[in-house]
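Trainee: I would like to learn how to read a model like this one. Could we go through it feature by feature?

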Amino acid sequence: MIDPFKRLARKGLFLFNPETAHGMSIAALKSGLVPACQITPDPRLRQTVAGLAFDNPLGMAAGYDKNAEVPEALLKLGFGFTEIGTVTPKPQAGNPRPRIFRLVEDEAVINRLGFNNEGHDAAFERLSALTGGGMIGVNIGANKDSEDRIADYVAGIRRFYSVARYFTANISSPNTPGLRDLQARESLAALLSAVLAAREEMAQKSGRKIPVFLKIAPDLTEEGMDDIAAEVLSHALDGLIISNTTLSREGLKDQRQAQETGGLSGVPLFEKSTAVLARMRKRVGPGLPIIGVGGVSSAETALEKIRAGADLVQLYSCMVYEGPGLPGDIVRGLSKLLDREKAGSIRELRDSRLDYWAARKV
Ligand SMILES: Cc1cc2nc3c(=O)[nH]c(=O)nc-3n(C[C@H](O)[C@H](O)[C@H](O)COP(=O)(O)O)c2cc1C
């Protein structure tokens, strides 16, 4: 339930179309108008994942801060980490507007942005000007008109190596035609080999090994999941992010907006993305880091991702509905849930509902 103040703020923002409202929220974060959140650090929420020390397990998902305009302001809202991008080598405009749609009754969003972004150089300039040392990941992709998509990912690794705490190779956006084909076994093998070779080369040069994660779609067959798991395990990948938006429109109340083309996110994605996360955890075993994303709206749903096999979680869409206080509420809520469970650390609860979620039909 949202409080009256939040409801009013939301009503105000919802007077504008979603893309304008998004721009206004970025401007508010830039201006410092959004107050920083007060959280008492809880050592039980700290974890080292892929060699990185996270203060808490909640991150801002990619797509909100595509151009690295407000990563430090986002961290001040309570997030333990944030992911900029997707960035592509060249700037690109993306698809014609309107291209973001709110499904208010469903607490969901459909987007078909198509990697609108200012390109590598603009994001790199902003990230290199930061001094805070925050936990900021860089999500890399390929230009729509690229003749060599794999080369675009390699360029991303090289360009951002000195400023990224981790990389995400995003091959799961439904809005760049053919991009998801990179999830097919042979293409994925070629992508992972090239990206990880570039990382190796940069690690040799710099003396620092930056982890690389792969972000996958929730719309995978069992064979598709087998293939991804096999390739991931045979390469030196550092982890998976599960999942991107879905093409499914099942169970939506807003049948009118449901007709829009694009990827669906928010509350209706929760079950599917959590089931795929658990199925992939079963396949890759306990050692590989996994970040769970899709429909996280509360401390309970964040913890459920962890119980289903995630080490860390991210969110985006539910912040559109709940506002900038959501990350702080979730992080404080996680501490309360740990009290209730009498758990000494968040890690203790990982996988505690793995079997339930892995068996879940979606
Ligand atoms: C408007 C919008 C834009 C997005 N852009 C990107 C993107 O550029 N790269 C990416 O990897 N994911 C992108 N995503 C997907 C989110 O990072 C996330 O995986 C997905 O929305 C599920 O999480 P949620 O239900 O908490 O939103 C975008 C999502 C939305 C709603």
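Trainee: How far is an oxygen atom of the ligand from a polar backbone atom of G266?

Mentor: Keep in mind that this is a predicted model. A polar contact is a pair of N or O atoms within 3.5 Å. Here the distance from a ligand oxygen to a polar backbone atom of G266 is 2.8 Å. The backbone of A62 also has a polar atom 2.7 Å from an oxygen of the ligand. For G295, a backbone N or O atom lies 2.8 Å from a ligand oxygen.

Trainee: How much of the ligand does the protein bury?

Mentor: Begin with the ligand taken alone, which exposes 600 Å². The protein buries 97% of that area.

Trainee: Which elements give two or more residues to the shell around the ligand?

Mentor: Those are the strands β4 (81–87), β6 (108–111) and β11 (263–266).

Trainee: How many residues surround the ligand, and which are the closest?

Mentor: The count is 24, and the closest are A62, T86, G266, G295 and S317. Sorted by class, the shell has 14 polar, eight nonpolar and two charged residues.

Trainee: What does the radius of gyration say about the protein chain?

Mentor: The value is compared with that of a compact globule with the chain's number of residues. For 362 residues the globule would have a radius of gyration near 21 Å, and the protein chain, at 19 Å, agrees with this. Along the principal axes, the C-alpha atoms fill a box of roughly 50 × 45 × 45 Å.

Trainee: What percentage of the residues in the protein chain is buried?

Mentor: Buried residues account for 57% of the 362. The accessible surface of the chain is about 15,100 Å², and carbon and sulfur atoms make up 54% of it.

Trainee: Among contacts between residues at least 6 apart in sequence, what percentage joins residues at least 24 apart?

Mentor: In the protein chain that share is 74%.

Technical notes
Residues numbered from 1 in each chain as written. Predicted model: local features only at pLDDT ≥ 70, side-chain atom pairs only at ≥ 80, totals over all residues. Heavy atoms only, no water. Near = heavy atom within 4 Å. Polar contact = N/O pair within 3.5 Å; in protein donor to acceptor, adjacent residues only side chain to side chain. Areas by Shrake-Rupley, 256 points an atom, 1.4 Å probe, with all protein chains shown as cover. Helix = DSSP H or I, 4+ residues; strand = E, 2+ residues; numbered from the N terminus. Nonpolar A, V, L, I, M, F, W, Y, C, P; charged D, E, K, R; others polar. Rg over C-alpha atoms; globule rule 2.2 N^0.38 Å. Buried < 20%, exposed > 50% of the residue type's maximum accessible area, 1.4 Å probe, protein only. Contact = heavy atoms within 4.5 Å.
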